[in-house]
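The following exercises are to be worked through with the sequence and the structure at hand. Each task is followed by a solution in steps.

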Amino acid sequence: MTPAPLVDGFGRVVKDLRISVTDRCNFRCTYCMPEEGMQWLARDQVLTFEEIERIARVAVERWGVESIRLTGGEPLVRAHLPVLVAKLAALGVDLALTTNGTSLGLLAGELRRAGLKRINISLDSLRPDRFVALTRRDALDQVLDGIDAALAAGFDPVKVNVVMIRGVNDDEAVEFATFGRDRGVQPRFIEFMPLDADGAWTLDQVVPAAEIVAAIGAVYPIEAVSHGPEPAARYRYLDGGGEFGVIASVTEPFCGNCDRVRITAEGTFQNCLFAVDEVDLRAVLRGGGSDDDLATAMSGEVARKWAGHSIGKVTFVKPPRSMSQIGG
Ligand code: SAM
Ligand code: SF4
């Protein structure tokens with residue numbers, strides 16, 4: 001089958017599929033999950049590897065989807081994840097993973113050998129006390145070891161996702177830049193989005209990406225790297241010390257270039273991180289639906305994709321799912 005691009009109503013082509021493999025997590029980051037009271041999906045509610053592979057194959061064969069990112073919850077708490085990685089790598093896509101890094105000491109090499117190409121490790125503070133307050137887990141050393149394990153396994157670049165929150169860790173931009181330069185990893189500073197489970201997000205907690213760029217640029221001379229439609233604006237150190245990126249989802253939304261769609265752990269298809277509607281692919285799969293039925297369900301939702309989110313405006317509607325239930 002020759003792929004034909006899947007285009008939404010605004011002319012944007014779908015190229016990137018984000019798949020959550022579990023809603024469970026060994027952390028409880030304050031900006032993502034409540035401390036207690038998360039109701040996990042039952043095992044049989046979560047898509048099997050075979051179901052995930054089938055959805056991915058339909059998207060790749062029919063529409064030429066180029067990249068897939070596995071996320072969660074924490075994807076590495078899903079047993080045998082390298083098995084899924086190998087199945088998806090066989091589709092020939094650019095395969096990536098976002099993880100909190102705690103299991104990489106054990107799994108980085110196996111994931112790489114299974115065909116994982118790219119890795120983002122989330123780490124929001126380099127200070128032990130803050131790390132514990134943010135994640136509600138005492139695991140900073142484990143994450144740092146995970147970063148080292150990813151480097152040792154040959155992932156290049158290793159990107160470090162940092163969610164910046166005003167009054168919490170907004171004084172660490174330069175520390176993260178120095179950390180990135182020293183360790184040979186690339187920080188990606190992400191603006192805090194209203195997808196926290198507690199619904200406590202406020203606009204004044206958002207640290208504008210421009211402020212982070214200015215803080216780092218005041219210490220290390222930098223230049224912008226010209227970039228395509230990807231959300232991260234990238235900057236390079238003039239002394240050759242590497243690069244960092246900023247993702248200004250709130251202050252400079254990139255919805256006009258959005259090429260992503262998402263599948264939650266229980267198999268609902270979402271056309272946007274902030275979607276309030278979704279379509280149930282698991283029902284199609286388990287109801288005996290054909291590949292055509294799957295494709296029709298997904299393309300119908302893509303046709304309904306809106307122009308962009310309206311975070312910070314009165315028209316914004318907080319989506320029913322928090323970040324850990326969608327997959328970042
Ligand atoms: N557990 C994995 C991890 O933390 O990397 C993968 C799932 S996590 C939901 C994916 C990404 O979303 C992480 O980089 C995390 O920091 C980010 N994230 C979670 N909640 C967020 C929020 N409210 N605003 C911005 N980014 C958020
Ligand atoms: Fe877990 Fe990732 Fe959410 Fe933190 S950001 S609670 S590690 S899913």
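Helices here are DSSP runs of H or I with at least four residues, numbered from the N terminus. The model is a predicted one.

**Exercise 1.** Locate Ile55 among the helices and decide whether Ile55 is buried or exposed.

*Solution.* Begin with the helix: Ile55 belongs to α1, which covers residues 49-63. Next, apply the cut-off, by which buried means under 20% relative accessible area. Ile55 has a relative accessibility of 1%, and therefore counts as buried.

**Exercise 2.** State the strand order of the open sheet and identify its edge strands.

*Solution.* Twelve strands make up the open sheet, with mixed pairing, in the order β7-β8-β9-β6-β5-β4-β3-β2-β1-β10-β11-β12. At the edges are β7 (222-225) and β12 (279-280), each of which pairs on one side only. Within the sheet, β1 (residues 16-20) runs parallel to β10 (residues 260-263), and four bridges join the two. Asp16, for instance, has Arg260 in β10 as its bridge partner.

**Exercise 3.** Determine which residues surround ligand 2 and classify them.

*Solution.* The surrounding residues are Cys25, Phe27, Cys29, Cys32, Gly73 and Asn100. By class, the shell holds four nonpolar residues, two polar ones and no charged ones.

**Exercise 4.** Find the residues that form a nonpolar surface patch with Trp306, and place Trp306 in the chain.

*Solution.* Val276, Trp306 and Val317 make a nonpolar surface patch of about 250 Å². Trp306 itself lies in the loop between α9 (291-303) and α10 (323-326). With a relative accessible area of 35%, Trp306 is partly exposed.

Key:
Residues are numbered from 1 along each chain as its sequence is written. Chains are lettered from A and ligands numbered from 1 in the order in which they are written. This is a predicted model: local features need pLDDT of at least 70, side-chain atom pairs count only at pLDDT 80 or more; totals for chains, interfaces and linings use all residues. Side-chain values use heavy atoms; hydrogens and water are left out. A residue is near a molecule or strand if one of its heavy atoms lies within 4 Å of it. Ala, Val, Leu, Ile, Met, Phe, Trp, Tyr, Cys and Pro count as nonpolar, Asp, Glu, Lys and Arg as charged, and the others, Gly among them, as polar. Patches are made of residues with over 30% relative accessible area and no salt bridge: like charges are joined within 9 Å, nonpolar side chains (Val, Leu, Ile, Met, Phe, Trp, Tyr) within 5 Å. Accessible areas come from the Shrake-Rupley method with a 1.4 Å probe; for residues, only the protein chains shown count as cover. A salt bridge is a side-chain nitrogen of Lys or Arg within 4 Å of a carboxyl oxygen of Asp or Glu. Buried means under 20% relative accessible area, exposed over 50%, partly exposed in between (1.4 Å probe, protein chains only). Two strands pair if DSSP finds at least two bridges between them.
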